[in-house]
Amino acid sequence: MKTPGDFCPISKAAEVLGERWTILIIRELLYGTTRYSEFQRGLSLISPSLLTKRLNQLVDCGLVIRRTAPGQPHAEYFPSVASEELRPFVDGLGKWGMKWARGRMIDDELDVQILMHNFCRRIDAAKLPRKRGVIGFIFPRLPKFSAWWIVIEPDRPRELCVDHPAKDIDIQIRTDVRTMTRIWMGNTTIAAAKSEGCLQPSGKPLFVRNLASWLRPSVNASVRLAPEPLRL
């Protein structure tokens, strides 16, 4: 909130970045999100009206660049120079949160949509057995959105979908949301989850055998929790 007459640059930065969801929108932007639907998946709890409002505000103040390519019906969003300069601060905030503010994961915080959105971005396509691949995830305990597919093709944006892509599936991973969240956070590994029976991959041998090399966790998964973290 703005403090009248406060010329402190930290206060000025807080005026721009202190609105709810703003930092998370910038995080999505810096991590490669460009389309409105991708923002909705990465920020599943924000309402469409508030997301539109925040994006418009960030465009108006110069943190976000909005472009509509010729022949395309929808605009895309890109970071400005000012947003790019926030990258070390956003990365640092993520590391700080993993060390000091990471708490016990309650069921209400386990969001399959956000989880799949994050894993879709982190797949290392260079380490897949071939340049294209279709990766399926099955969450049998979920009453809805229990199946997801990630389609990776050369020179095309990755596609995350809940409808079968009508393509051959290279690997199918049967698991649960808590297990995949623990892998994402670095609380366990793919090898450990497989050993415990919580993650069951099947499909083409090369995809299954090299799973841990291309299905990468969060960039902050290696950050350890502080001995005395914050009490949230």
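Trainee: Which helix does T181 lie in?
Mentor: Helix 8, residues 177-185. A helix here is a DSSP run of H or I of at least four residues, and a strand is a run of E of at least two, both numbered from the N terminus.

Trainee: What kind of model is this?
Mentor: This is a predicted model: local features need pLDDT of at least 70, side-chain atom pairs count only at pLDDT 80 or more, and totals for chains, interfaces and linings use all residues. Residues are numbered from 1 along each chain as its sequence is written, and side-chain values use heavy atoms, with hydrogens and water left out.

Trainee: Why is T181 called buried?
Mentor: Look at the cut-offs. Buried means under 20% relative accessible area, exposed means over 50%, and partly exposed is in between (1.4 Å probe, protein chains only). T181 has 11% relative accessibility, so it counts as buried.

Trainee: Which residues does T181 touch, not counting those up to four places away in sequence?
Mentor: M105, L110 and L115. Contact means heavy atoms within 4.5 Å.

Trainee: Let's step back. How many helices and strands does the protein chain have?
Mentor: Eleven helices and seven strands.

Trainee: What share of the 232 residues counts as buried?
Mentor: 38% of them. Now take the contacts with a separation of 6 or more: 63% of them join residues 24 or more positions apart.

Trainee: How do you know that M116 is buried?
Mentor: Its relative accessible area is 0%, so M116 is buried. M116 sits in helix 7, residues 112-122. Leaving aside neighbours within four places in sequence, M116 contacts F137, F139, W148 and L160.

Trainee: Why does V223 count as buried?
Mentor: Its relative accessibility is 16%, so V223 counts as buried. V223 belongs to the segment after helix 11 (211-214). Beyond its neighbours within four places in sequence, V223 is in contact with K95, M98, K99 and R102.

Trainee: Is D155 buried or exposed?
Mentor: Exposed, because its relative accessible area is 85%. D155 lies in the loop between strand 4 (147-152) and strand 5 (159-161). The phi of D155 is near 60°, a positive value in a residue other than glycine.

Trainee: What is phi of W21 near?
Mentor: 80°, again a positive value in a residue other than glycine. The place of W21 is the loop between helix 1 (9-17) and helix 2 (22-30). With 13% relative accessibility, W21 counts as buried.

Trainee: What comes just after helix 2?
Mentor: G32, with a positive phi of about 110°. Within helix 2, the buried residues include T22, I25 and L29.

Trainee: How many aromatic pairs are there?
Mentor: Four. Rings of Phe, Tyr and Trp (its six-membered ring) pair if their centres lie within 6.5 Å; planes under 30 degrees apart count as stacked, over 60 as edge-to-face and the rest as tilted.

Trainee: Why is the pair of F39 and Y77 called edge-to-face?
Mentor: The ring centres are 6.0 Å apart and the planes stand at 85°, so the pair is edge-to-face. The pair links distant parts of the chain, with F39 in helix 3 (residues 36-42) and Y77 in strand 2 (residues 76-79), 38 residues apart. F39 is buried at 0% relative accessible area, and Y77 is buried at 9%.

Trainee: What makes the pair of F145 and W148 tilted?
Mentor: The centres are 6.2 Å apart and the planes are at 45°, so this pair is tilted. F145 is partly exposed, at 46% relative accessible area. W148 counts as buried, at 2%.
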